[in-house]
Amino acid sequence: MPSVQVTTAARVVRPAGLVGRVLENHHALGVMMVTPALLILAIFLAYPFGLGVWLSFTNATIGQAGRFVGLGNFRYLLGDSVFRVVVLNTTLYAAAAVVCKLVLGFLLALLVNREFRGKRIVRAIMLLPWIVPTSLSALVFYWIYDPTFSIITWALRRIGLLHGFINYLGDPNLARASLIAANIWRGIPFFAIGLLAGLQTVSPTLLTAPAHGRNSGSSPGRYCCR
């Protein structure tokens with residue numbers, strides 16, 4: 001009798017009609033749950049992206065619809081010296097920053113993946129560049145790169161390696177290097193945390209396998225194939 005009562009109660013609260021069939025159908029329920037997110041992405045991402053692509057083929061300006069000009073805008077950009085410099089700077093900035101953040105982040109992840117005294121403090125300090133607000137870090141680097149009051153210039157002058165002042169953001173080459181250095185400093189924790197998470201998923205037996213193989217006198221190939 002108790003089982004009959006439970007079944008009857010379940011039948012009473014079960015939705016009836018079309019809503020009930022939709023809720024019981026996993027595929028229809030999944031589509032219904034995903035649809036709001038897809039609509040948001042379509043409105044705020046897909047539509048602006050498509051509109052931008054369309055406007056790139058027109059001579060539209062603010063307040064004017066414009067007309068279709070084909071690849072005219074792209075031909076103009078390829079012939080513009082400023083555009084070529086922008087592409088060069090962007091490519092150099094992205095490539096140098098990503099490579100340096102990957103290498104330094106991997107080295108830092110290897111360091112904090114080891115057991116040593118003060119490991120938690122080092123991990124907390126490692127996250128500071130990522131935690132600091134962007135506006136605050138921008139102000140700090142603006143002071144660091146100040147041609148007169150730069151801490152780098154002051155340190156170099158104190159140790160006798162520099163006798164003048166450096167205009168970090170006034171020289172094109174120094175400006176590129178300065179911006180890349182600031183981006184590397186801020187992005188290293190993100191790479192380090194991601195790589196550290198991957199390192200911690202590696203089984204300890206795989207890390208100690210070569211040592212056991214050497215200690216036992218067996219060859220690495222025989223040990224790995226066991």
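## Exercises on a predicted helical model

Arginine 186 lies in helix 10. The model is a predicted one, and the exercises below work from its coordinates.

**Exercise 1.** Find which residues arginine 186 touches, leaving out those up to four places away in sequence.

*Solution.* Start with the element: arginine 186 belongs to helix 10, which covers residues 172-200. Next, list the partners, counting heavy atoms within 4.5 Å as a contact. Arginine 186 touches Pro129, Trp130, Val132, Pro133, Thr134 and Ser137. Then take one of these partners, tryptophan 130, and compare sequence with space. Arginine 186 and tryptophan 130 are 56 residues apart along the chain, while 5.7 Å separates their C-alpha atoms.

**Exercise 2.** Determine how helix 5 and helix 10 are placed relative to each other.

*Solution.* Two quantities are required, since a pair of packed helices is described by the angle between the axes and the distance between them. For helix 5 (residues 81-112) and helix 10 (residues 172-200), the axes come within 6 Å and cross at roughly 40°. Helix 5 is therefore oblique to helix 10, because angles under 35 degrees would count as roughly parallel and those from 65 to 115 as roughly perpendicular. The handedness comes next: helix 5 and helix 10 make a right-handed crossing. Finally, sort the contact by residue class. Between helix 5 and helix 10 there are 22 nonpolar, four polar and two charged residues.

**Exercise 3.** Decide whether isoleucine 144 is buried or exposed, and list its contacts beyond four places in sequence.

*Solution.* Isoleucine 144 is in helix 8, which spans residues 134-144. Its relative accessible area is 15%, so isoleucine 144 is buried, the cut-off being under 20%. With neighbours within four places set aside, isoleucine 144 is in contact with Ser150, Ile151, Ile152 and Tyr168.

Technical notes
Residues are numbered from 1 along each chain as its sequence is written. This is a predicted model: local features need pLDDT of at least 70, side-chain atom pairs count only at pLDDT 80 or more; totals for chains, interfaces and linings use all residues. Side-chain values use heavy atoms; hydrogens and water are left out. Axes are lines fitted to C-alpha atoms, for helices over the stretch in contact, and angles run from 0 to 180 degrees between N-to-C directions. Helices (H or I, at least four residues) and strands (E, at least two) are DSSP runs, numbered from the N terminus. Angles under 35 degrees count as roughly parallel, over 145 as roughly antiparallel, 65 to 115 as roughly perpendicular and the rest as oblique. A crossing is left-handed if the near helix is turned anticlockwise from the far one by less than a right angle, and right-handed if clockwise. Ala, Val, Leu, Ile, Met, Phe, Trp, Tyr, Cys and Pro count as nonpolar, Asp, Glu, Lys and Arg as charged, and the others, Gly among them, as polar. Buried means under 20% relative accessible area, exposed over 50%, partly exposed in between (1.4 Å probe, protein chains only).
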